[in-house]
Amino acid sequence: MALKTRMKEYRARYQMSQEDLAGLVGVRRETIGNLEKGRYNPSLKLAMDIVRVFETTVEELFWFTEE
């Protein structure tokens, strides 16, 4: 299974850079980039912090696919 995300789409809606989002959730910009590229799965705390920024749900922002 692979984790997919709509983070890039939500960042565009909020006119937010990877650096902006990283600062709001307390991680490095590289972590956001790796999440968006599917190279890294977030901890539950990080996922919750990100969805709070975007005022959405974990289910809307993240999902698993069969690969």
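From the N terminus on, the protein chain runs β-α-α-α-α-α-β, which gives five helices and two strands. Helices (H or I, at least four residues) and strands (E, at least two) are DSSP runs, numbered from the N terminus. The radius of gyration, taken over C-alpha atoms, is 11 Å, close to the 11 Å of the globule rule for 67 residues, so the protein chain is as compact as a globular protein of that length. That rule is 2.2 Å times the number of residues to the power 0.38.

This is a predicted model, in which local features need pLDDT of at least 70, side-chain atom pairs count only at pLDDT 80 or more, and totals for chains, interfaces and linings use all residues. Residues are numbered from 1 along each chain as its sequence is written, and side-chain values use heavy atoms, with hydrogens and water left out.

Of the 67 residues, 39% are buried, meaning under 20% relative accessible area with a 1.4 Å probe, protein chains only. Among contacts (heavy atoms within 4.5 Å) with a separation of 6 or more, 59% join residues 24 or more positions apart.

Now turn to helix 4. Which residues of helix 4 are buried? In this helix, residues 44–54, they are Leu46, Ala47, Asp49, Ile50, Val51, Val53 and Phe54. Their cover includes helix 1 (7–13), helix 2 (18–25), helix 3 (29–36), helix 5 (58–61) and strand 2 (62–65). After helix 4 comes glutamate 55, with a positive phi near 50 degrees.

Definitions and conventions. Buried means under 20% relative accessible area, exposed over 50%, partly exposed in between (1.4 Å probe, protein chains only).
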